[in-house]
Amino acid sequence: MASSAKNSAAKTAPKAAAAKTTSKAGSNGASNGKASANRNQSNPAVNIQPLLNQQQNAPAPTQRYGTVAQRLPIGLGESVRQESVDMLNQLLADTITLRDMYKKHHWQVVGPTFYQLHLLYDKHYEEQAVLVDAIAERIQILGGVAVAMAHDVAELSSIPRVPRDREEAPIQVSRLLDAHRILLENCHRFAEKADESGDDGTNDLIVSQLIRTNEMQVWFVAEHVVDSPLTQAE
Ligand SMILES: [Fe+2]
């Protein structure tokens, strides 16, 4: 609806401009004819054509994936940065995967707990999206290149592939808890390594943001698969 309104506005605009030109021509036909001719020509000094398809003859990339640049003076040596970037790209791929699992399950959830899981999954999706951005930006600060695209994430992620099918809520929850466990095990291992190498910023990101957020989400999700009586105590 909005786009058709836009199209019709675009179609009527030249008509309005033409009407304006015609009314002017009545009073000053000769000079207006010249102005109209000028309007139809481009200024040759300004090339308004965008330079398209430059990727077809692209030079070498700005920076190759897997390399680390010592651009920013943040007081960390190259080997420390390289190790942290490799660890963070692993956590990034796992976090992007977990984030997308939450959205998948947000859409596909079914059953008596539909409403609360639908909302909870989306809340967790948003929180994981914040973590994704924090990890990726930490990688760039360290001089690395953050993994980004779905095909690269799929290759790198340590979380098992999730089927395309719609699954029952307890299966969704089990898959999510397993993904959180894998991610948290990586977090603990990498936080310790970052601590040992002196990369306090990476250690802090993993401990304060990743571990805390993921542990909280595990709690909220796991309580849904406790087989507790609904109406009468057993
Ligand atoms: Fe939604």
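Student: What percentage of the residues of the protein chain count as buried?
Tutor: 23% of the 234 residues count as buried. Keep in mind that this is a predicted model.

Student: How many helices and how many strands does the chain have?
Tutor: The secondary structure comes to 7 helices and 0 strands. From the N terminus on, the order is α-α-α-α-α-α-α.

Student: And contacts between residues at least 6 apart in sequence: what share join residues at least 24 apart?
Tutor: 76% of them do.

Student: What is I135 in contact with, leaving aside its neighbours within four places in sequence?
Tutor: L88, L91, L92 and T95.

Student: Switching to packing. At what angle do helix 4 and helix 7 pack?
Tutor: About 170°, with the axes 11 Å apart. Angles over 145 degrees count as roughly antiparallel, so helix 4 is roughly antiparallel to helix 7.

Student: Which residues meet there?
Tutor: From helix 4, L120, H124, E127, L131, A134 and R138. From helix 7, G201, T202, L205, Q209, L210, T213, Q217 and F220. By class, that contact has 6 nonpolar, 6 polar and 2 charged residues.

Student: Next, H180. Where is it?
Tutor: H180 is in helix 6, residues 169-197.

Student: Is H180 buried or exposed?
Tutor: Buried, because H180 has 22 C-beta neighbours inside 10 Å; the cut-off is 20 or more.

Student: What is H180 in contact with, beyond its neighbours within four places in sequence?
Tutor: N214, Q217 and V218. Take Q217: it is 37 residues from H180 in sequence, and the C-alpha to C-alpha distance is 8.4 Å.

Student: Last one, V110. Where is it found?
Tutor: In the loop between helix 3 and helix 4. V110 counts as partly exposed because it has 13 C-beta neighbours inside 10 Å.

Student: How far apart are V110 and A169 in space?
Tutor: 6.4 Å, C-alpha to C-alpha, although they are 59 residues apart in sequence.

Methods:
Residues are numbered from 1 along each chain as its sequence is written. This is a predicted model: local features need pLDDT of at least 70, side-chain atom pairs count only at pLDDT 80 or more; totals for chains, interfaces and linings use all residues. Helices (H or I, at least four residues) and strands (E, at least two) are DSSP runs, numbered from the N terminus. A residue is buried if 20 or more other C-beta atoms lie within 10 Å of its own, exposed if 12 or fewer, and partly exposed in between; C-beta atoms are placed from the backbone. Two residues are in contact if their C-beta atoms, placed from the backbone, lie within 7 Å. Axes are lines fitted to C-alpha atoms, for helices over the stretch in contact, and angles run from 0 to 180 degrees between N-to-C directions. Angles under 35 degrees count as roughly parallel, over 145 as roughly antiparallel, 65 to 115 as roughly perpendicular and the rest as oblique. Ala, Val, Leu, Ile, Met, Phe, Trp, Tyr, Cys and Pro count as nonpolar, Asp, Glu, Lys and Arg as charged, and the others, Gly among them, as polar.
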